[in-house]
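Let us walk through this structure together, one stop at a time. Keep the model open beside you and find each place as we come to it.

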Amino acid sequence: MAQLNPKKAVTAADYALWGKLTPQKLSENGTWISYSSSYSSHQDTLFVKNTATLKTHFFPKGQQGKFSTEAVFAYYSAPNTLAVFNLQTAQITILESVNEYFFTTDDQYLIVVSDSKKDQKILICSPNGHILKTIDSINTYSFNTDSTVLAITSKNNTESIAQLIFLKENFRTLKIINSPKENFSKMKWNKGGTALGFYGSSSTNSLLNPKLYYYSVSESKLHFFDSNTHQEFPKDMLLSTDSEALTLSDDGNKVFIQTYKKTVITKDTAMVWNTKDQWLYIQRPLMENYTYNGVWFPKNNRFSQITNHAISGIMLNGLQNVALLFDSRINEAQFKEYRELDYWLMDLKTGKKKLFLEKYANDGTLLASPEGDYFCYLKDGDWWVYSISKASHTNITQHIRFEFYEKKYVSGDKTYPFGFAGWSKDERSLLLYDAFDVWEITPDGRTAKRLTNGREDNIVYRIVSQQPSQQKTSNFSGFTSGYFNLDDNLYLSAERTDFSDSGYSVWNRKRGTQSLVFQPKKVDYLTTAKNGSSFMYLEQTFDQSPALMFKAGMLASPTVVYQSNLQQQHYLWGKSKAITYKDISGNHLKGVLNYPASYDPFKKYPMIVRLYENQAHNLHKYINPSLYNSAGFNVSNLTSQGYFVLYPDIVYQVGQPGQSALDCVLAAVNEALSTASIAPTHIGLIGHSFGGYETNFIVTHSNRFAAAVSGAGISDFYSLYLRTNGITGKPNYFRFESQQFRMGTSFFDNKWGYLNNSPLFNAQQMNTPLLSWTGESDTQIDSSQSMQFFMALRRLQKTHTLLVYPNEEHGLEKRINQQHLTQQIEKWFAHYLKKGDLL
């Protein structure tokens with residue numbers, strides 16, 4: 001019997017029906033959830049739903065929603081229009097001309113920053129939006145950490161004023177300073193909210209260096225620093241008033257400032273490129289640092305210049321009494337991704353320095369501990385801890401038999417760690433990752449404990465931060481680690497190494513690791529309630545659109561809060577399957593095979609192979625069909641059009657990136673052919689960036705594929721090796737020698753290897769129709785790579801079309817271009833892969 005309502009194929013006319021689900025917030029007790037659904041061609045909507053009753057409130061065009069306790073939800077209903085919605089009464093209060101808003105830490109007040117044509121003002125409101133106090137004519141403002149004290153600067157017709165408003169004291173106002181001759185600005189609090197810093201610039205003499213003010217709230221005392229007259233301030237320096245240039249130490253006893261030299265930068269008559277220079281000429285504007293750091297001690301009005309032209313990099317320890325300094329202007333040219341520098345420690349009280357590390361290449365793993373006694377860093381594949389109080393370096397992972405670094409690109413490279421999660425709150429231990437598990441290790445290295453048992457079950461565990469304090473924070477030229485209270489729960493992501501199952505677990509000292517959710521799906525976006533044990537997450541598979549889920553506790557049954565794209569049930573859809581195969585060297589590899597919608601095993605179908613290193617993680621990834629794709633590729637479009645889509649994993653032999661890709665891809669294709677009903681002569685290839693290079697190489701070394709598409713692909717190793725990156729200005733040497741191109745040596749040590757891996761030098765062997773595309777302004781892979789390849793294929797009279805998109809970068813940003821590219825790619829494959837009698 002025929003179906004009454006048979007499912008239909010998805011076409012481009014249907015794509016606009018699909019929306020993107022984005023989880024937003026979970027209220028403190030888990031009573032309410034907010035989420036949004038956005039669409040490419042019609043109105044986006046913000047939702048708020050009760051997790052018990054599933055009662056739902058809809059806010060068309062709503063943006064940036066926030067809860068206050070369980071009673072209020074505020075959001076932007078239109079640009080600069082704030083709506084405050086009472087979740088109990090459904091009453092709405094509207095506030096206009098709003099630039100910024102937030103609820104105070106204790107949820108007692110709603111703070112609104114409002115801009116009119118005349119001036120800026122702050123509204124202090126009840127959580128429901130009732131205005132309690134208006135502060136007009138504000139120049140700058142800053143709240144202390146717990147939002148109980150507001151510092152503002154303002155100006156009237158006669159004077160400039162800096163003052164405090166105490167929210168907990170019936171909005172009591174305290175004037176700090178007023179002056180008819182200065183303009184006050186750029187206010188900054190210390191972490192504890194006990195001290196405040198700000199600038200005062202002369203309103204009568206623009207040549208005067210600004211003053212720096214410091215106000216101690218606990219002492220009710222104002223100090224000032226006049227760089228024009230202070231004896232310790234360098235005479236050739238000026239005080240920077242940049243908003244990020246002012247930092248108060250947590251204890252409020254130090255003010256860190258930035259200074260810059262009184263120099264005029266002259267333009268060179270000629271661009272001088274010298275092989276001995278440490279920076280390339282084009283790097284200098286990006287890398288040269290003309291600002292420096294100093295510290296002012298307000299209590300005794302002492303100043304010390306910390307960095308200068310010779311030593312310009314700085315980090316502080318957690319207590320902010322020791323500075324870690326490094327020379328970012330090494331004298332010799334270096335060719336690695338991260339430069340080898342010398343590091344010193346400076347006691348800020350005495351100004352004394354001592355050598356810390358020599359010729360150390362910091363790739364972002366040199367971190368300060370949050371409470372101040374330690375710096376940690378990765379060296380030669382091991383984690384090291386330096387104790388400031390003991391002046392000692394300790395290798396804390398040397399006796400652990402498992403490795404803490406990933407063998408990512410070339411053999412012997414130990415610079416890519418699996419990760420550093422942070423410190424325990426009391427700094428008695430560090431939390432590190434190996435390939436599978438979370439480790440707790442003491443800073444002396446004597447005790448090391450594996451907190452999870454992922455290795456035994458082929459599950460990778462990683463900590464999921466749920467609080468800002470658990471995340472690393474910016475620390476001048478580096479970072480300070482986050483910290484975790486190990487007496488509380490640690491939330492962990494859990495994922496099998498073959499990506500078949502994923503979810504979340506919770507760990508604590510008493511019960512160890514317990515699963516919260518773990519299933520054969522892609523599970524992400526975990527958010528836990530501040531109070532209680534409830535949490536929300538997102539789950540999806542290739543053929544199940546993302547669903548927002550809620551659990552009231554670990555043992556509670558999950559509730560579907562929102563299932564996106566319900567219209568999919570009326571359409572034919574494909575499925576995904578994990579495959580395994582071996583490359584020519586016997587390596588066991590994984591891949592994903594996506595089946596065409598309405599698959600019939602008695603028919604033959606074309607297949608498209610998508611390339612880019614490892615892709616098995618796409619097994620459960622749901623993709624909305626769309627014409628708007630930055631690289632023109634959309635797996636759901638293609639499976640709906642009757643294609644198989646194969647995502648193969650690739651392992652690389654050093655010095656043979658192209659041949660490695662060819663071997664792995666052919667092995668994956670053979671496995672796919674033995675798995676499903678695929679037409680062997682109707683297989684296409686597509687890749688972007690490094691995948692574009694792999695596509696170019698394969699079609700110049702194999703006739704296995706009936707058509708190919710290469711986006712922003714490399715064609716000539718030699719010419720790209722000798723170019724610079726358009727974003728960083730760095731030479732491309734390291735990208736070939738030790739990074740993604742995996743050559744292992746310089747061009748001059750392996751010229752034939754570079755040439756043999758360049759598709760351009762085997763272009764005469766290409767017989768596969770090739771469509772290429774590039775952004776004309778691509779700064780990552782210069783468009784000349786595609787142009788050169790086109791010129792070679794034109795001279796050789798090969799079947800090739802090149803699309804060049806003006807004013808576009810590495811991926812296309814303009815929607816009209818995204819649509820054009822997507823349609824051109826799909827037409828290309830339809831022309832070459834869907835002809836013949838096998839389909």
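Two strands pair if DSSP finds at least two bridges between them. Strands (E, at least two residues) and helices (H or I, at least four residues) are themselves DSSP runs, numbered from the N terminus. Please keep in mind that this is a predicted model, where local features need pLDDT of at least 70, side-chain atom pairs count only at pLDDT 80 or more, and totals for chains, interfaces and linings use all residues. Residues are numbered from 1 along each chain as its sequence is written, and side-chain values use heavy atoms, with hydrogens and water left out.

With pairing in hand, look at strand E42 (residues 502-508), which pairs with E43 in the antiparallel sense over seven bridges. You can pick out Ser502, which stands opposite Gln519 in E43. Both strands belong to an open antiparallel sheet of four strands, in the order E37-E41-E42-E43. Strand E37 (459-463) and strand E43 (512-519) stand at its edges; each has a single partner strand, so one side of each is left without a neighbour in the sheet. From one strand to the next, the twist averages 25°. Such angles run from 0 to 180 degrees between N-to-C directions, and the axes are lines fitted to C-alpha atoms, for helices over the stretch in contact.

Now turn to another sheet. Here four strands form an open sheet in the order E1-E2-E3-E4, again with antiparallel pairing. Its edge strands, strand E1 (19-26) and strand E4 (56-60), each pair on one side only. Neighbouring strands of this sheet are turned by 20° against each other on average, direction ignored. Inside it, six bridges join strand E2 (residues 32-39) to strand E3 (residues 45-50), and Trp32 has Asn50 in E3 as its bridge partner.

A hairpin comes next. Four residues lie between the two strands, and Ala391 in the turn has a positive phi of about 50°. Why is that worth a second look? Most residues other than glycine have a negative phi.

Two more residues share this feature. Asn301, in the loop between strand E23 (291-297) and strand E24 (302-305), has a phi near 55°. Ser689 has a phi near 65° and lies in the loop between strand E52 (678-688) and helix H5 (690-699). Asn301 has 33%, so it is partly exposed, while Ser689, at 12%, counts as buried. Helix H5 is mostly covered, with 10 of its 10 residues buried, among them Phe690, Tyr693 and Glu694.

Our last stop is Asp649, in the loop between strand E51 (644-648) and helix H4 (657-675). Asp649 is buried yet has no salt bridge, a term for a side-chain nitrogen of Lys or Arg within 4 Å of a carboxyl oxygen of Asp or Glu. The nearest side chain of opposite charge, Lys590, is 4.4 Å away; Lys and Arg count as positive and Asp and Glu as negative, with His and the chain ends not counted. The side chain of Asp649 does reach the backbone nitrogen of Ala616, at 3.0 Å.

Definitions and conventions: Buried < 20%, exposed > 50% of the residue type's maximum accessible area, 1.4 Å probe, protein only. Polar contact = N/O pair within 3.5 Å; in protein donor to acceptor, adjacent residues only side chain to side chain.
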